[in-house]
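Student: Could we go through this protein together, one piece at a time? I'd like to learn how to read it.

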Amino acid sequence: MENKKIEKQIYEVNPHTMIILPHVTGESLFSRVIEIGSDSISKFTPFELIKTSCKYFGANYEGRKEGTKHLIGITHKPPIIIDPMSYMYAFPTASPTNSNCVWVFPQHIKEYSATSDNQTLLQFSNFETVKIDISLTSFNNQIARTSMLHMKFSQKMRLMEAQFPYTNRFFPSSGIVAEPFTPYKTSQNNPHNPFTD
């Protein structure tokens, strides 16, 4: 990782973004960004990348956070919708201002399980694996919160389409009503899966 080129330009998350991890170089906190097919270092912190990406999709982080509070009542380590049109949801593993916070994009997770040192091993849809410093219990809690946010937002969109069918011309169902998260699989260390239970 130390030999990777550090990208100077700001990075905006996209549908290929799988995870953003903190990456310390000297006394500086950068970001390691793993996408489907790429792995790079950004000179910006994970939280800076998340906030910039929210703006890129027409909102700010505080607005996305307030949206989560309104929909599911969560204010501590809230999952957020970065872009509803492309189903980009993300959640933090700690307080976003914590230098150890990782941002996970759960739509790319194939399965996950506990490790012997009380961390969580993620396997993504491209079979790449990453171990992150969060217990399985806490990770399950964040997954459940993201699932609830996804469900509540989808319900709102379906209700809007039912009440105002002409909006289908502008927001077709294939683009606005999100599909359920389905790639998750339970494992022996993870008997409860909120996406499939």
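Student: To start with, which residue does I20 stand opposite in strand 3?

Tutor: I20 stands opposite V33 in strand 3, and please keep in mind as we go on that this is a predicted model.

Student: How many bridges join strand 2 to strand 3, and which way do they run?

Tutor: There are 8 bridges between strand 2, which covers residues 17-25, and strand 3, which covers residues 28-35, and the two strands run antiparallel. Strands of a sheet pair through backbone hydrogen bonds, and that pairing can be either parallel or antiparallel.

Student: What sits between those two strands in the hairpin?

Tutor: The hairpin of strand 2 and strand 3 has 2 residues between the strands, and G26 in this hairpin takes a positive phi near 65°.

Student: And what joins strand 2 to strand 7?

Tutor: Strand 2 is joined by 2 bridges to strand 7, residues 103-104, and this pair also runs antiparallel. Within it, I19 of the pairing stands opposite V104 in strand 7.

Student: Let me step back for a moment. How many helices and strands does the chain have?

Tutor: The chain has 4 helices and 10 strands, and from the N terminus on their order is β-β-β-β-α-α-β-β-β-β-β-β-α-α. Of its 197 residues, 46% count as buried.

Student: Changing topic, how many aromatic pairs are there in the whole structure?

Tutor: A search of the whole structure finds 5 aromatic pairs.

Student: Is Y61 buried or exposed? And what about W103, buried or exposed?

Tutor: Y61 has a relative accessible area of 5%, and the cut-off for buried is under 20%, so Y61 is buried. W103 has a relative accessibility of 0%, so W103 counts as buried as well.

Student: Which residues do ring pairs link into a cluster?

Tutor: The cluster is made of F47, Y61 and W103, linked by ring pairs.

Student: You mentioned helix 2 just now. At roughly what angle does its axis cross that of helix 3?

Tutor: The axes of helix 2, residues 61-72, and helix 3, residues 136-163, cross at roughly 80° and come within 10 Å of each other. Angles from 65 to 115 degrees count as roughly perpendicular, and therefore helix 2 and helix 3 are described as roughly perpendicular to each other.

Student: Which residues make that contact?

Tutor: On the side of helix 2 they are T68, H70, L71 and I72, while helix 3 contributes R145, M148, L149, K152, F153 and K156.

Student: Which strands does helix 3 lie across?

Tutor: Helix 3 lies across strand 8, strand 9 and strand 10, and runs at about 150° to strand 8. Those strands form an open sheet of 3 strands in the order 8-9-10, with antiparallel pairing.

Student: Which are the edge strands there?

Tutor: They are strand 8 (109-114) and strand 10 (129-132), each of which pairs on one side only. From one strand to the next, the twist averages 20°.

Student: And how is strand 9 joined to strand 10?

Tutor: Strand 9, residues 120-124, is joined to strand 10 by 4 bridges, and the two run antiparallel. As an example of who faces whom, T120 stands opposite I132 in strand 10.

Methods
Residues numbered from 1 in each chain as written. Predicted model: local features only at pLDDT ≥ 70, side-chain atom pairs only at ≥ 80, totals over all residues. Heavy atoms only, no water. Axes fitted to C-alpha atoms, helices over the stretch in contact; angles between N-to-C directions. Parallel < 35°, antiparallel > 145°, perpendicular 65-115°, else oblique. Contact = heavy atoms within 4.5 Å. Pairing = 2+ DSSP bridges. Phe/Tyr/Trp six-rings, centres within 6.5 Å; stacked < 30°, edge-to-face > 60°. Buried < 20%, exposed > 50% of the residue type's maximum accessible area, 1.4 Å probe, protein only.
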